[in-house]
Amino acid sequence: MSEYMINGNETLGIEFGSTRIKAVLIDENFNPIATGSHDWENRLENGVWTYHLADVWSGLQDAYARLNDDVYEKYGVRIKRLSSIGFSAMMHGYLPFDKEGNQLAEFRTWRNTITQNSAVRLTELFNFNIPQRWSIAHLYQAILNGEEHVSKISFITTLAGYVHWKLTGKKVLGIGEASGMFPIDSSTNDYNADMLSKFSDLPEVSKYDWNLRDILPEVLLAGDNAGTLTKEGALLIDPTGNLEEGALMCPPEGDAGTGMTATNSVRVKTGNVSAGTSIFSMIVLDKMLSKVYEEIDMVTTPAGKPVAMVHCNNCCTDLDYWVSLFIQFSKLSGNSITKPQIYDLLYNTALDGDSDCGGLVSFNYFSGEPVTKLDSGIPLFARKENCNFNLSNFMRTHIYSTMAALKIGMEILEKENVEINSLTGHGGLFKTEIVGQRLMAGAMNTPVAVMETAGEGGAWGIAILAKYAFDSTDESLEDYLDSKVFSKYKSSVIEPVESDVKGFADYMKLYKKAIAVEKTAVENI
């Protein structure tokens, strides 16, 4: 193995998640052989959820150094050469730069709900849903706000596109991530030309010297060569100078695209649910929806196929805070039980709860939730006077709350008769075996699969996309994943339990009524 490592045939995948930067090294057979990670957190500064770009590079270097240490411990060598590299990051957002490459405004992440005005106007202009987190919504909102930096813009991109640009010199994006900057025309696999013209013709836009098409990244498909790692880029990853330049780099993608790849959900009528800090479902369509829905984002797979996306800003954060109370209590009691054991115990007791949570309801809103039309949020737990208040119901309602807003969006796809042959779950909600998977199956009333590779997540997904680009094959991405990657991996499937389906439906009746309570809390607390 050491000799193999020296040959530099490995592929590196790195994903900038909301709470963790993860690096995965895979061999020629797609097996993860080393990992490294770095924890980080977003900041709320001047009303904007953001990350400092200096933290991007220090976090990347730390995650890579930990990966390199893992390689050394296992194989007695350090990484010197790589065949290919892929970078991905939390989707969308806004990063503007001037012609000298200077950052013009803070990185405005997907979590912000500060573009309601622009999102509504653009949705009407395009007759196409423009979510608040999309880059074009942020740009147009900055224009409507009269922000000084807009006149200086030479380039706008996402976090994944920014990192790739600095490592290769190429201003490009994978089509899946690009579809969250500006609407894509799936017949051309490029930005929608008619919508570009409509935007540019707006009086408040036409006064600027730049043209929108010129300041957006170039759109690339999975399998395309997106440049190579430069000498300067190699030093940004590995300041020791040991990593050599020259590795091929695939188009940078968002975590939605890597989630589809990591769960083999890029073929028509397949879908996946990613459940971590946020939660979103991605369903690959065989036909377009009958009309525009503000709850449904139309994006694409990394290969350009149309996808209906239901994205909710809030998922496991509030649940994790509640679990942390039990972890603190365990320490106070002198118990030696571990954090993973506490998670498993609490998750599993949820299965013993009433299927409708017995009169308890929870809102996990740390930020606004566009699906339920809230611009900001406050975590809220409430219970009826005559509820069945016990630990099992308490945990079940907090797990239900992670998927309740998602269900509201998925109900629209049900009414549209969208066919889903398979739904695959991945992310933190599914780490405890069976629980999240079973409750999700009941909530969505469809079988839910979890793959044995689910723990590798998006960093593994972008590594696969990098290997696909390096192999330069004529196979479609769908066939490549089926034949080369997932033919050897197992998955477990849980069918919906009838009592869970009915119980979750009853819970949703209370949840929808209680949205008014959440709105009142936001207004008054």
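Reply: The dialogue below treats helix pairs, then cavities and a pocket. The model is predicted, and local features need pLDDT of at least 70, side-chain atom pairs count only at pLDDT 80 or more, while totals for chains, interfaces and linings use all residues. Residues are numbered from 1 along each chain as its sequence is written, and side-chain values use heavy atoms, with hydrogens and water left out.

Me: At what angle do helix 3 and helix 4 pack?

Reply: Helices (H or I, at least four residues) and strands (E, at least two) are DSSP runs numbered from the N terminus. Axes are lines fitted to C-alpha atoms, for helices over the stretch in contact, and angles run from 0 to 180 degrees between N-to-C directions. Here helix 3 (residues 116–126) packs against helix 4 (residues 135–145) at about 110°, and their axes are 8 Å apart. That angle makes helix 3 roughly perpendicular to helix 4 (under 35 degrees is roughly parallel, over 145 roughly antiparallel, 65 to 115 roughly perpendicular and the rest oblique).

Me: Which residues of helix 3 and helix 4 make the contact?

Reply: Contact means heavy atoms within 4.5 Å. Helix 3 contributes Gln-116, Asn-117, Ser-118, Arg-121 and Leu-122, and helix 4 contributes Ile-136, Ala-137, Tyr-140, Gln-141 and Leu-144. By class, the contact of helix 3 with helix 4 has five nonpolar, four polar and one charged residues (Ala, Val, Leu, Ile, Met, Phe, Trp, Tyr, Cys and Pro count as nonpolar, Asp, Glu, Lys and Arg as charged, and the others, Gly among them, as polar).

Me: How do helix 12 and helix 13 cross?

Reply: The axes of helix 12 (residues 317–332) and helix 13 (residues 339–350) come within 10 Å and cross at roughly 120°. Among the residues in contact are Val-323 and Phe-326 of helix 12 and Ile-342 and Leu-346 of helix 13. The contact of helix 12 with helix 13 divides into eight nonpolar, one polar and two charged residues.

Me: What is the angle between helix 14 and helix 15?

Reply: Helix 14 (residues 391–415) and helix 15 (residues 435–444) cross at roughly 40°, with axes that come within 9 Å. Residues of helix 14 including Ile-399, Met-403 and Met-410 meet residues of helix 15 including Leu-439 and Met-440. This contact of helix 14 with helix 15 holds 10 nonpolar, no polar and three charged residues.

Me: How many cavities are counted?

Reply: Rolling a probe the size of a water molecule over the atoms shows where empty space is left. On a 1 Å grid over the protein atoms alone, a cavity is a set of points where a 1.4 Å probe fits but cannot get out, and a pocket is an open set with protein on both sides within 12 Å along at least five of seven lines; lining residues have an atom within 4 Å of a point. Grid points are joined across faces, edges and corners, and a volume is the space filled by probe spheres set on the points. The count is three cavities of 30 Å³ or more. The largest cavity holds about 60 Å³, and its lining includes Met-91, His-92, Glu-177 and Met-309. The lining of the largest cavity has five nonpolar, five polar and two charged residues.

Me: What lines the second largest cavity?

Reply: The second largest cavity, of about 40 Å³, is lined by Gly-174, Leu-221, Ala-222, Gly-223, Cys-250, Pro-251, Glu-253, Pro-302 and Leu-465.

Me: Which element supplies the largest share of the lining of the second largest pocket?

Reply: The second largest pocket holds about 370 Å³. Of its 23 lining residues, Gln-116, Asn-129, Gln-132, Glu-294 and Pro-370 are the closest to the centre. Helix 3 gives the largest share of this lining, five residues.
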